[in-house]
Amino acid sequence: MDLVIRELTGPDLSKDFLDTLAGLAEVNLSIEEAMKVFQRRLRTGVRTFVALNHERVVGTLSLFIEQKFIHQAGKVAHIEDVAVHRDFQQHGIGSKLLRHAIAEAGEAGCYKALLQCFEERAPFYERLGFRRHDRGMRLEL
């Protein structure tokens, strides 16, 4: 597979990006709406990476770096929305995306990377070096 990983650009939104995200959760955005979200995310420092196979988006994840007050103003990487297009799962794309995001976080000086996942997906992340830590809590607003 000819795979390229890079940051999302506006034109990528029409190259199966939304279909790829739909493999994770319902999206319900038009390309125009997604473009507005993308522009807001860029302004706030959220980075979105895509895996492309012959210019088609087949995987994605988001990376947000948080500057802390603790740990001598250390930085923490938050990884979100890891998704691989249904037609391309089980080809190592998610692993390559995660390794790329972890490398980016390391280059940014982060001392740890965090993510949340459903229990059935935990073994995938454990194979990449993540470990179970704390207990996630959620409040619907």
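Q: In which helix is I70 found?
A: In this predicted model, I70 is found in helix 3, which covers residues 70–73.

Q: What makes F69, I70 and Y111 a nonpolar surface patch?
A: Phe, Ile and Tyr are on the list of nonpolar side chains, and such side chains are joined within 5 Å if they have over 30% relative accessible area and no salt bridge. F69, I70 and Y111 together make a patch of about 400 Å².

Q: How many disulfides does a search of the whole structure find?
A: The search finds 0 disulfides. For background, a disulfide is a covalent bond between the sulfur atoms of two cysteines.

Q: What is the closest cysteine sulfur to that of C117?
A: It is the sulfur of C110, and at 19 Å that is also too far for a bond.

Q: Is C110 called buried or exposed, and why?
A: The word buried is used under 20% relative accessible area. C110 has 16% relative accessibility, so C110 counts as buried.

Q: Which residue takes a positive phi just after helix 2?
A: G45 does, with a phi of about 90°.

Q: What makes the phi values of D16 and E55 worth a remark?
A: Both are positive in residues other than glycine. D16 has a phi of about 75°, and phi of E55 is near 70°. D16 is found in the loop between strand 1 and helix 1, while E55 is found in the loop between strand 2 and strand 3.

Q: Why is D16 called partly exposed?
A: Its relative accessible area is 23%, which falls between the cut-offs of 20% and 50%. D16 is therefore partly exposed.

Q: Why is the pair E55 and K15 called a salt bridge?
A: A side-chain nitrogen of Lys or Arg must lie within 4 Å of a carboxyl oxygen of Asp or Glu. The closest N and O atoms of E55 and K15 are 3.5 Å apart, and the pair forms a salt bridge. This pair links distant parts of the chain, with its partners 40 residues apart. K15 lies in the loop between strand 1 (3–7) and helix 1 (17–22), and E55 in the loop between strand 2 (47–53) and strand 3 (56–67).

Q: What makes E66 and K68 a salt bridge?
A: The limit is 4 Å, and the N to O distance here is 3.7 Å. E66 is partly exposed at 26%, and K68 is partly exposed at 23%.

Q: Why do E140 and R138 count both as a salt bridge and as a polar contact?
A: The closest N and O atoms of the pair are 2.5 Å apart. The salt bridge needs 4 Å or less, and the polar contact has a limit of 3.5 Å; the side chains are joined by a polar contact of 2.5 Å.

Q: Why is E140 called exposed?
A: Exposed means over 50%. E140 has 57% relative accessibility, so E140 counts as exposed. R138 is exposed as well.

Q: How many salt bridges are counted?
A: The count comes to 10. Salt bridges that share partners join E7, R47 and E104 into one network.

Q: Why is T20 called buried?
A: T20, in helix 1, has 0% relative accessibility, so it counts as buried. The cut-off is 20%.

Q: Which backbone oxygens does the side chain of T20 reach?
A: The T20 side chain reaches the backbone oxygen of D16 at 2.8 Å and that of V57 at 3.0 Å.

Technical notes: Residues numbered from 1 in each chain as written. Predicted model: local features only at pLDDT ≥ 70, side-chain atom pairs only at ≥ 80, totals over all residues. Heavy atoms only, no water. Patch = residues over 30% accessible without salt bridge, like charges linked within 9 Å, V, L, I, M, F, W, Y side chains within 5 Å. Areas by Shrake-Rupley, 256 points an atom, 1.4 Å probe, with all protein chains shown as cover. Helix = DSSP H or I, 4+ residues; strand = E, 2+ residues; numbered from the N terminus. Disulfide = S-S within 2.5 Å. Buried < 20%, exposed > 50% of the residue type's maximum accessible area, 1.4 Å probe, protein only. Polar contact = N/O pair within 3.5 Å; in protein donor to acceptor, adjacent residues only side chain to side chain.
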